[in-house]
Amino acid sequence: MKKSAPSLSRQLGGRKDGLVELRRDFHRHAELSFQEHRTATVIAERLAAAGLEVRTGLGVPAGGGGGTGVVGVLHGEQPGRTVAWRADIDALPIAEAVDLPFASLNEGVMHACGHDGHTAIGITLAELLAEHRKALPGTVVFIFQPGEEVVGGAQLMINEGVLDDPAVESVLGLHLTARDPVGQLIVRPGPSMASADFFDVEVRGKGGHGAFPHLSVDPITAAAHILVGMQELVSREVPAQDTAVMTVGEIKAGSKANIIPETAVLHGSLRAFRREVRDQLVERLGAFAARIAQAYRAEAKLRLVGEPCPAVHNPERESAYVHQCLHDAVGGEAVAEGRPVMGSDDMSLFLQARPGCYFWVGVAPPDKEPQPHHHPAFEMDEAGLPVAVRVALSVLLGRLAG
Ligand SMILES: [Zn+2]
Ligand SMILES: [Zn+2]
């Protein structure tokens, strides 16, 4: 396959416009997690037209719906390994605030994390490699995963056996990043993205008239003390060398100024890099909330919501290998280790199931202050898309050959 690498690069050169057009098409038709029906149809049609074996209807949540996961299998005609390439395909419930000619037509839904780019990159990779099937070693399993933004798609597809038939030996993938300029690549060994748990703390009191608090048990006051006090769990209980973030992003309580409600609920999330730290904080938050509530004659219960998402952990060997490939593809200075990110990604579940690596590719717009991912004015420099395909080809081809 080495011989055909230059011709692959040449072909990629001819596909740049198509790659950008494809990304814009997904951007225009942004779809929420587990509702990516049009996106899945486009992916499946393109993969089938390129001659891949296509499986659709994957990623079905327990309550039904979904089924928007797609897998395409490409068998090379030379001996080699079986490697998966994972791309996530969902958008976010955000009203787009950038005036683009290809702005989202789905009101209130926007690709503000770059998954439109991930989808277009995955399809382009599959099409390029399919044209070189004769010289291609091994087998590539292209996994197009729904429901990343709500954490859930990865585990469903793993449970559905996407890594088992054919038996995948390693999993690779990339996330575009608007924090770094085009040409900058980041691969970080060890923990590179945090774990995520979502939680509710329900504080139960006794309702009544706002003028007679002594006859009630006020859950709002208790919840307020829990919220302030829990800020110290990280600073006082987690070793300074470790780190974690606990954020309450939503509080629900009450209906009127002069009514003491029965309950107050804090909704929050917890991020950490090490499992021990995460477990410690879950245990302490539950005990802390219960005892503070007790001091106010109320009751508080901690409940974890949804499936926990573990930290993204890139094994040393795989990261060193990917680092070398990126270095060879673009030159040394463009590849950095970066810093661990407190955000989360359920690529971590694929990396728990198989060795592999998740790396970052810069797409920061060149002449303006980049907006963070998940921001209504998020934008990318599309010049980073062909760079992503080029480095992904280098990493994949190396891994397939051994
Ligand atoms: Zn995101
Ligand atoms: Zn993302």
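**Pocket lining and zinc site**

The lining of the largest pocket is made up of 13 nonpolar, nine polar and six charged residues. The model described here is predicted.

**Largest pocket**
- The space in the largest pocket comes to about 720 Å³.
- Its lining consists of 28 residues. Those nearest the centre are Glu149, Arg271, Gly343, Ser344 and His374.
- Two or more lining residues come from each of these elements: S5, strand S8 (195-204), strand S12 (263-272) and strand S13 (299-309).

**Zinc site**
- Three residues supply the protein donors of the zinc ion (ligand 2): Cys113 through SG, His115 through NE2 and His175 through NE2. These donors lie 2.1 to 2.5 Å from the ion.
- The spacing of the donor residues along the sequence is C-x1-H-x59-H.
- His115 belongs to helix H3 (residues 115-130) and His175 to strand S5 (residues 170-181), so the two histidines tie together parts that are 60 residues apart in sequence.
- Both His115 and His175 are buried.
- Cys113 also forms a bridge between the zinc ion (ligand 2) and the zinc ion (ligand 1). The two ions are 3.1 Å apart.

**Ala287**
- Helix H6 (residues 275-295) contains Ala287.
- Ala287 counts as buried because its relative accessibility is 18%, and the cut-off for buried is under 20%.
- From C-alpha to C-alpha, Ala287 and Leu302 are 8.5 Å apart in space, with a separation of 15 residues in sequence.

How values were computed
Residues are numbered from 1 along each chain as its sequence is written. Chains are lettered from A and ligands numbered from 1 in the order in which they are written. This is a predicted model: local features need pLDDT of at least 70, side-chain atom pairs count only at pLDDT 80 or more; totals for chains, interfaces and linings use all residues. Side-chain values use heavy atoms; hydrogens and water are left out. Donors are N, O and S atoms within 2.8 Å of the metal (3.2 Å for Na, K and Ca); water is not among the atoms, so sites may look incomplete. Helices (H or I, at least four residues) and strands (E, at least two) are DSSP runs, numbered from the N terminus. Buried means under 20% relative accessible area, exposed over 50%, partly exposed in between (1.4 Å probe, protein chains only). On a 1 Å grid over the protein atoms alone, a cavity is a set of points where a 1.4 Å probe fits but cannot get out, and a pocket is an open set with protein on both sides within 12 Å along at least five of seven lines; lining residues have an atom within 4 Å of a point. Grid points are joined across faces, edges and corners, and a volume is the space filled by probe spheres set on the points. Ala, Val, Leu, Ile, Met, Phe, Trp, Tyr, Cys and Pro count as nonpolar, Asp, Glu, Lys and Arg as charged, and the others, Gly among them, as polar.
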